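I am opening a notebook page on helix packing, the ligand site and backbone exceptions. Entries follow in the order in which I looked things up.

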Amino acid sequence: MSTPDPPASPPQVPSPSPTGTLPGERLVPVGEVRAAVLASRRALPPRLVPIQDALGCVLARRVVAGEDVPPFANSGVDGYALHSGDTARPPAALAVDGTVLAGSTHDRRVEPGHAVRIMTGAPLPPGCDAVCMVERTRSAPDGAGVVIETSLRPGENVRHAGEDVRSGAEVFPAGTPVSPGVIGVLAGLGLLEVEVHPRPVVGVLSTGDELVEGPAALSPGKIRDANRYAVLALVAESGCVPVDLGIVGDDEDRVAAALEDGASRCDALVTSGGVSVGDRDVVRAVLGELSGGTMRWVQVAVRPGKPFAFGEIGPGRTPVFGLPGNPVSAMVSFELFARPALRLLAGHPLADRPFVRAVADEGFLRRADGKLHLVRARARGGKDGLVHVRSAGGQGSHQLHAMASANALVLLPDGPGAAAGASVDAMLLDDRAAGLEVPAEAFAWAP
Ligand code: AMP
Ligand code: MG
């Protein structure tokens, strides 16, 4: 026996509130989501790498100098090594006992009244305590000696052993980002390998039945995958190693297989699409299953970038960042949550982009909706020495072109926004802020 179906009634569609959320949904503040995502991020286990591969990585152990740099006292100028006491009343005529070049030594002791011609970097001959630069000397009238025209203090123009780095001293603490200068110091100590946290390997996946790639004509309803390439680039720019995991349609089994495959060979995964509240938001569903209860799916109190999912999957508890599908939302969500987490995996003490106070060169008006607004903006350095910002154009979460011309995100807390001339908070997305480059005048000085 079957009971007749009840008469069909129109589906109950809950009406969104002015904040764009459905009744009962809580908008979670950005700070709370970041705290949850960053809480358990530990730097990847250290690895010994050649120093030339370590640029941008972070030292996993402190470095202690095994020797002095410079290793011996040497001359800082081309000139004459001498006894400073001989120059108390210049001019002083001295006999010259030969020449010492960089890379060679002068082993005989130099007596008072004598000097040795010396080149920059050559070891200070025994007995000498100062060097007179060649510009302050002239040849003695007899042609054999040298006349010193100035008086010298003990130690003048001498670079002492250990003056740069002292043997036994800590040169860099653990947690130091490896810069070109750090690499130079390590090489100068003979350390050609160094223990660093490796660059996280990050798999990037696009999801959506509508996505295609390549130049072929689009069939109806299809769009080209922009996110995967943008996110792969963001991953690389964050100092991580991007791995392209391709496009997967809105199919739970395929998304699950792609995530499991990615987790087996990556330190973290970033997906885009499929995390909002639509019927086919498969990433959210799959992450819920694979993450064994660690998945957090939230509506973040931010615009753009409201839907976001995060979970850990597989035996290695590989973190997965589920970015929204709208391209601008995906990039902003990456900046807010994925980038700092990846930077922590890489051992970076500073996870975020540079944050500045800036002058709003135009009104950044908005309406109150319970969310933090991140406005794509162009930042430039003003003649007043301050950073100035203007909107970069279209602020729709699908308007990737305006995002591409932005070099900053202006943070507008909930409320009416900022009037022209007000000061606002901004995250600088790169170092291409026009007007912050070195002005020509800075190098215009001439002697
Ligand atoms: P979703 O988050 O999957 O609901 O997608 C939201 C919007 O973003 C839709 O208009 C999608 O077509 C678009 N979208 C999703 N993934 C991509 C992508 N990889 N590239 C460009 N647009 C996308
Ligand atoms: Mg989708």
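**Entry 1: H1 and H6**

I began with helix H1 (residues 30-39) and helix H6 (residues 327-345), which pack at an angle of about 30° with their axes 10 Å apart. I note the conventions here: this is a predicted model, where local features need pLDDT of at least 70 and side-chain atom pairs count only at pLDDT 80 or more, while totals for chains, interfaces and linings use all residues. Residues are numbered from 1 along each chain as its sequence is written, chains are lettered from A and ligands numbered from 1 in the order in which they are written, and side-chain values use heavy atoms, with hydrogens and water left out.

Helices (H or I, at least four residues) and strands (E, at least two) are DSSP runs, numbered from the N terminus. Axes are lines fitted to C-alpha atoms, for helices over the stretch in contact, and angles run from 0 to 180 degrees between N-to-C directions. H1 and H6 are therefore roughly parallel to each other; angles under 35 degrees count as roughly parallel, over 145 as roughly antiparallel, 65 to 115 as roughly perpendicular and the rest as oblique. I logged the crossing of H1 and H6 as right-handed, that is, with the near helix turned clockwise from the far one by less than a right angle.

For contacts (heavy atoms within 4.5 Å), I listed Val30, Val33, Arg34, Val37 and Leu38 on the H1 side and Leu336, Phe337, Pro340, Ala341 and Leu344 on the H6 side. The residues of this contact comprise nine nonpolar, no polar and one charged. In this scheme Ala, Val, Leu, Ile, Met, Phe, Trp, Tyr, Cys and Pro count as nonpolar, Asp, Glu, Lys and Arg as charged, and the others, Gly among them, as polar.

**Entry 2: H3 and H6**

I then took helix H3 (residues 227-237), whose axis comes within 10 Å of that of H6 and crosses at roughly 25°. That makes H3 roughly parallel to H6. Their crossing is right-handed. H3 contributes Asn227, Ala230, Val231, Leu234, Val235 and Glu237, and H6 contributes Pro327, Ala330, Met331, Phe334, Glu335 and Arg339. I read the classes of the contact of H3 with H6 as eight nonpolar, one polar and three charged residues.

**Entry 3: H4 and H5**

How do the axes of helix H4 (residues 252-265) and helix H5 (residues 282-290) cross? They cross at roughly 60° and come within 9 Å. That makes H4 oblique to H5. I found this crossing right-handed.

**Entry 4: ligand 1**

I counted 16 residues around ligand 1 (a heavy atom within 4 Å), and the closest are Glu210, Asp225, Ala226, Gly274 and Gly325. I also looked up polar contacts, taken as pairs of N or O atoms within 3.5 Å; within protein, one must be able to donate a hydrogen and the other to accept it, and residues adjacent in sequence count only if both atoms are side-chain atoms.

- A backbone N or O atom of Gly274 is 2.9 Å from an oxygen atom of ligand 1.
- A polar backbone atom of Asn227 lies 3.4 Å from a nitrogen atom of the ligand.
- A side-chain N or O atom of Ser276 lies 3.5 Å from an oxygen atom of the ligand.

**Entry 5: backbone exceptions**

Most residues other than glycine have a negative phi, and most peptide bonds are trans. I noted the peptide bond from Val69 to Pro70 as cis, with omega near -5°. Pro70 sits in the loop between strand S4 (63-64) and strand S5 (74-75). The peptide bond from Arg303 to Pro304 is cis, with omega near 0°. Asn157 is not a glycine, yet has a positive phi of about 60°.
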